[in-house]
Amino acid sequence: MTDALHAAGLWAGLLILLMVVLSTMVVSRRRRRLVSFGDGGHDDLAAASRAFGNASEYAPVGIAALILLALLGAPEIAVHAIGATLFVGRVVHALGLLFQRGPSLGRVLGMVLTYLALIVSAGGLIVLAFL
(Lines give C-alpha, C1' and ligand atoms only; values in the text may rest on other atoms or scores of the structure.)
Protein backbone atom coordinates (compact mmCIF):
# COMPACT_ATOMS: atom_id res chain seq x y z
CA MET A 1 0.00 0.00 0.00
CA THR A 2 1.27 3.48 -0.80
CA ASP A 3 1.88 6.26 1.68
CA ALA A 4 -0.73 8.35 -0.16
CA LEU A 5 -3.32 5.65 0.47
CA HIS A 6 -2.41 5.66 4.16
CA ALA A 7 -2.87 9.45 4.14
CA ALA A 8 -6.30 9.03 2.53
CA GLY A 9 -7.16 6.48 5.21
CA LEU A 10 -6.18 8.90 7.97
CA TRP A 11 -8.35 11.75 6.69
CA ALA A 12 -11.23 9.42 5.83
CA GLY A 13 -11.13 8.03 9.37
CA LEU A 14 -11.12 11.50 10.89
CA LEU A 15 -14.02 12.63 8.70
CA ILE A 16 -16.01 9.53 9.66
CA LEU A 17 -15.36 10.20 13.35
CA LEU A 18 -16.51 13.80 12.87
CA MET A 19 -19.75 12.52 11.37
CA VAL A 20 -20.24 10.15 14.31
CA VAL A 21 -19.71 13.01 16.78
CA LEU A 22 -22.16 15.24 14.91
CA SER A 23 -24.70 12.41 14.74
CA THR A 24 -24.47 11.78 18.48
CA MET A 25 -25.12 15.48 19.06
CA VAL A 26 -28.37 15.17 17.11
CA VAL A 27 -29.41 12.06 19.03
CA SER A 28 -28.53 13.66 22.36
CA ARG A 29 -30.52 16.80 21.61
CA ARG A 30 -33.48 14.78 20.37
CA ARG A 31 -33.51 12.73 23.57
CA ARG A 32 -33.20 15.82 25.74
CA ARG A 33 -36.03 17.57 23.86
CA LEU A 34 -38.14 14.38 23.56
CA VAL A 35 -38.31 14.72 19.78
CA SER A 36 -38.40 11.48 17.81
CA PHE A 37 -38.38 12.98 14.29
CA GLY A 38 -37.33 16.33 12.85
CA ASP A 39 -36.36 19.23 15.08
CA GLY A 40 -39.63 19.78 16.95
CA GLY A 41 -39.25 23.52 16.39
CA HIS A 42 -36.10 23.70 18.53
CA ASP A 43 -33.36 25.86 17.02
CA ASP A 44 -30.53 23.97 18.71
CA LEU A 45 -31.80 20.65 17.34
CA ALA A 46 -32.26 22.12 13.87
CA ALA A 47 -28.68 23.43 13.96
CA ALA A 48 -27.30 20.07 15.10
CA SER A 49 -29.29 18.26 12.40
CA ARG A 50 -27.96 20.59 9.72
CA ALA A 51 -24.38 20.31 11.00
CA PHE A 52 -24.60 16.53 10.64
CA GLY A 53 -26.56 16.71 7.39
CA ASN A 54 -24.12 19.11 5.81
CA ALA A 55 -21.14 16.96 6.82
CA SER A 56 -22.85 13.86 5.43
CA GLU A 57 -23.39 15.69 2.12
CA TYR A 58 -19.76 16.73 1.63
CA ALA A 59 -17.56 14.26 3.52
CA PRO A 60 -18.33 11.16 1.41
CA VAL A 61 -17.44 12.93 -1.83
CA GLY A 62 -14.23 14.18 -0.25
CA ILE A 63 -13.36 10.72 1.07
CA ALA A 64 -13.93 9.20 -2.37
CA ALA A 65 -11.74 11.87 -3.95
CA LEU A 66 -8.92 11.27 -1.47
CA ILE A 67 -8.97 7.53 -2.12
CA LEU A 68 -9.04 7.98 -5.88
CA LEU A 69 -6.21 10.51 -5.76
CA ALA A 70 -4.09 8.05 -3.79
CA LEU A 71 -4.91 5.15 -6.11
CA LEU A 72 -4.09 7.24 -9.18
CA GLY A 73 -0.67 8.14 -7.80
CA ALA A 74 -1.08 11.57 -6.23
CA PRO A 75 1.79 12.54 -3.93
CA GLU A 76 1.26 11.79 -0.24
CA ILE A 77 1.69 15.48 0.66
CA ALA A 78 -1.11 16.43 -1.75
CA VAL A 79 -3.47 13.89 -0.19
CA HIS A 80 -2.58 15.19 3.29
CA ALA A 81 -3.06 18.82 2.24
CA ILE A 82 -6.44 18.15 0.65
CA GLY A 83 -7.57 15.91 3.51
CA ALA A 84 -6.54 18.43 6.15
CA THR A 85 -8.25 21.28 4.29
CA LEU A 86 -11.45 19.28 3.95
CA PHE A 87 -11.40 18.14 7.58
CA VAL A 88 -10.75 21.63 8.97
CA GLY A 89 -13.42 23.03 6.66
CA ARG A 90 -16.00 20.55 7.90
CA VAL A 91 -15.12 21.15 11.58
CA VAL A 92 -15.20 24.94 11.22
CA HIS A 93 -18.49 24.80 9.32
CA ALA A 94 -20.09 22.55 11.95
CA LEU A 95 -18.93 24.85 14.75
CA GLY A 96 -20.36 27.83 12.88
CA LEU A 97 -23.72 26.09 12.65
CA LEU A 98 -23.75 24.80 16.22
CA PHE A 99 -22.59 27.88 18.12
CA GLN A 100 -23.63 30.89 16.06
CA ARG A 101 -27.06 31.98 14.92
CA GLY A 102 -27.64 33.20 11.39
CA PRO A 103 -24.80 33.90 8.98
CA SER A 104 -21.43 33.23 10.55
CA LEU A 105 -17.75 33.46 9.72
CA GLY A 106 -17.39 29.77 10.65
CA ARG A 107 -19.93 28.69 8.07
CA VAL A 108 -18.41 30.84 5.35
CA LEU A 109 -14.82 29.83 6.11
CA GLY A 110 -15.85 26.19 6.40
CA MET A 111 -17.49 26.21 2.99
CA VAL A 112 -14.56 28.05 1.39
CA LEU A 113 -12.15 25.40 2.73
CA THR A 114 -14.49 22.58 1.68
CA TYR A 115 -14.91 23.96 -1.84
CA LEU A 116 -11.17 24.53 -2.11
CA ALA A 117 -10.47 20.89 -1.16
CA LEU A 118 -13.08 19.56 -3.56
CA ILE A 119 -12.03 21.77 -6.49
CA VAL A 120 -8.34 20.91 -6.04
CA SER A 121 -9.33 17.23 -5.79
CA ALA A 122 -11.37 17.44 -8.97
CA GLY A 123 -8.51 19.14 -10.81
CA GLY A 124 -6.03 16.57 -9.55
CA LEU A 125 -8.25 13.68 -10.55
CA ILE A 126 -8.75 15.10 -14.04
CA VAL A 127 -5.00 15.63 -14.52
CA LEU A 128 -4.12 12.19 -13.14
CA ALA A 129 -6.69 10.59 -15.44
CA PHE A 130 -4.62 11.73 -18.42
CA LEU A 131 -1.23 10.62 -17.07
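**Reading the helices, core and salt bridges**

Trainee: What should I know about helix α1 to begin with?

Mentor: Helix α1 covers residues 3–33, 31 residues in total, and reaches 45 Å from its first C-alpha to its last, close to the 45 Å expected at 1.5 Å a residue. This is a predicted model.

Trainee: Which residues of α1 are buried, and what covers them?

Mentor: The buried residues are Ala4, Ala7, Ala8, Trp11, Ala12, Leu15, Leu18, Met19, Leu22, Val26 and Arg29. Their cover includes α2 (43–71) and α3 (76–99).

Trainee: What follows α1?

Mentor: Leu34 follows α1, and its phi is positive, near 60°.

Trainee: How do you know that the span of α3 agrees with its number of residues?

Mentor: Set the two values side by side. At 1.5 Å a residue, the 24 residues of α3 should span 34 Å. The end C-alpha atoms of α3 are 34 Å apart, so the span agrees.

Trainee: Against what do the buried residues of α3 pack?

Mentor: They pack against α1, α2 and α4. Among these buried residues are Val79, Ile82, Leu86, Phe87, Arg90 and His93.

Trainee: How many residues are in the largest nonpolar core, and which have the most contacts inside it?

Mentor: The largest nonpolar core has 32 residues. Leu15, Leu22, Ala51, Leu66, Leu69 and Val79 have the most contacts inside it. α1, α2, α3 and α4 each supply at least two residues of this core.

Trainee: What does Ala51 touch?

Mentor: Leaving aside residues up to four places away in sequence, Ala51 touches Leu22, Ala94, Leu97 and Leu98. Leu22 is on the list of buried residues of α1. Ala94, Leu97 and Leu98 are on the list for α3.

Trainee: What makes Arg33 and Asp44 a salt bridge?

Mentor: The closest N and O atoms of Arg33 and Asp44 are 3.2 Å apart. The cut-off is 4 Å, so the pair qualifies. The pair links distant parts of the chain: Arg33 is in helix α1, Asp44 is in helix α2, and they are 11 residues apart.

Trainee: Why is Asp44 called buried?

Mentor: Asp44 has a relative accessible area of 14%. Buried means under 20%, so Asp44 is buried.

Trainee: And why is Arg33 called partly exposed?

Mentor: The relative accessible area of Arg33 is 37%.

Trainee: How many salt bridges does the structure hold?

Mentor: It holds two. Glu57 and Arg50 also meet through their side chains in a salt bridge, at 3.2 Å, N to O.

Trainee: Why do Glu57 and Arg50 count as partly exposed?

Mentor: Relative accessibility is 43% for Glu57. The relative accessible area of Arg50 is 39%. Both values fall between 20% and 50%, so both residues are partly exposed.

Trainee: Which residues make the nonpolar surface patch of about 350 Å²?

Mentor: Ile67, Leu68, Leu71 and Leu72 make the patch. Ile67 lies in helix α2.

Trainee: Where is Pro103, and why is it called exposed?

Mentor: Pro103 is in the loop between α3 and α4 (105–129). Its relative accessible area is 81%; exposed means over 50%, so Pro103 is exposed. The C-alpha atoms of Pro103 and Gly38 are separated by 22 Å, with the two residues 65 apart along the chain.

Technical notes:
Residues numbered from 1 in each chain as written. Predicted model: local features only at pLDDT ≥ 70, side-chain atom pairs only at ≥ 80, totals over all residues. Heavy atoms only, no water. Helix = DSSP H or I, 4+ residues; strand = E, 2+ residues; numbered from the N terminus. Expected span 1.5 Å × (residues − 1). Buried < 20%, exposed > 50% of the residue type's maximum accessible area, 1.4 Å probe, protein only. Contact = heavy atoms within 4.5 Å. Patch = residues over 30% accessible without salt bridge, like charges linked within 9 Å, V, L, I, M, F, W, Y side chains within 5 Å. Areas by Shrake-Rupley, 256 points an atom, 1.4 Å probe, with all protein chains shown as cover. Core = buried A, V, L, I, M, F, W, Y, C linked by side-chain atoms within 4.5 Å.
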